Amino acid sequence: MKYFIDTEFIDQPYTLDMISIGLVAEDGREYYAESNEVDWSRASQWTLTHVKPQLDGVGMEREKIGYAIRRFCEHDPHPEFWGYFPAHDWVVFCWLFGGMGELPFQFPQHCLDLRQWAQSLGDPELPHQAGARHHALADAWWTREVWAFLAGLDPKTAAALAPPKP
Ligand SMILES: [Mg+2]
């Protein structure tokens, strides 16, 4: 099954401090969590203005978020993760489990990139995100919408990248 992911984070050279994470599964299930371990003293003014006010403010430990995501993807032998230029999101995601080498065994070690797919198709105008932006769950829903849009333009690639059927 596909999982569309987005995170908000504070990035400073050599650290990525996850603020929040949203996952939307292909079947419409969603998962959202906020970290209670964020070092806000390192946040930029932009993050304080655009990201922080949208948080619920009920955070949990990153390790617990990792366990919750394991449960969210449980019984799925072939999860496939998608993001919109997800390089940073994927690092943050892997760290929830302790690192890339400690991902649950059935997880791939990479995340597929919608931005790259869009570029390969000549950069079509993507669906506009309705409502909040820079909220990890809202952004994950938008990512799902972008996947459907690109799959409509390029069904061949969509099929080629699909995880094997269980
Ligand atoms: Mg985001």
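Helices (H or I, at least four residues) and strands (E, at least two) are taken here as DSSP runs and are numbered from the N terminus. The model is predicted, so that local features need pLDDT of at least 70 and side-chain atom pairs count only at pLDDT 80 or more, whereas totals for chains, interfaces and linings use all residues. Residues are numbered from 1 along each chain as its sequence is written, and side-chain values use heavy atoms, with hydrogens and water left out.

**View 1. The loop between helix 4 and helix 5, with His-134 and His-135.** His-134 lies in this loop and has a positive phi of about 70 degrees although it is not a glycine. Most residues other than glycine have a negative phi. With a relative accessible area of 24%, His-134 is partly exposed, where buried means under 20% relative accessible area, exposed over 50% and partly exposed in between (1.4 Å probe, protein chains only). His-135, found in the loop between helix 4 and helix 5 as well, counts as buried because its relative accessibility is 15%. Contact means heavy atoms within 4.5 Å, and, leaving aside neighbours within four places in sequence, His-135 is in contact with Asp-6, Glu-8, Tyr-32 and Gln-54.

**View 2. Helix 5 (residues 136-153) and what covers its buried residues.** The expected span of a helix is 1.5 Å times one less than its number of residues; for the 18 residues of helix 5 this gives 26 Å, which agrees with the 26 Å between its end C-alpha atoms. The buried residues of helix 5 are Ala-136, Leu-137, Asp-139, Ala-140, Trp-142, Thr-143, Val-146, Trp-147, Leu-150 and Ala-151. An α-helix has 3.6 residues a turn, so residues three or four places apart point the same way. The cover over the buried residues of helix 5 includes strand 1 (2-12), strand 2 (15-25), strand 3 (30-35) and strand 5 (80-83), together with helix 4 (114-120) and helix 6 (155-160).

**View 3. Ile-69 in helix 2 (residues 62-72).** Ile-69 is buried, with a relative accessible area of 0%. Not counting residues up to four places away in sequence, Ile-69 touches Ile-21, Leu-23, Tyr-31, Phe-93, Leu-96 and Phe-97. The C-alpha atoms of Ile-69 and Ala-33 are separated by 9.6 Å, while the two residues are 36 residues apart along the chain.

**View 4. Tyr-14 in the loop between strand 1 and strand 2.** Tyr-14 is exposed, with a relative accessible area of 83%, and has a positive phi of about 75 degrees although it is not a glycine.
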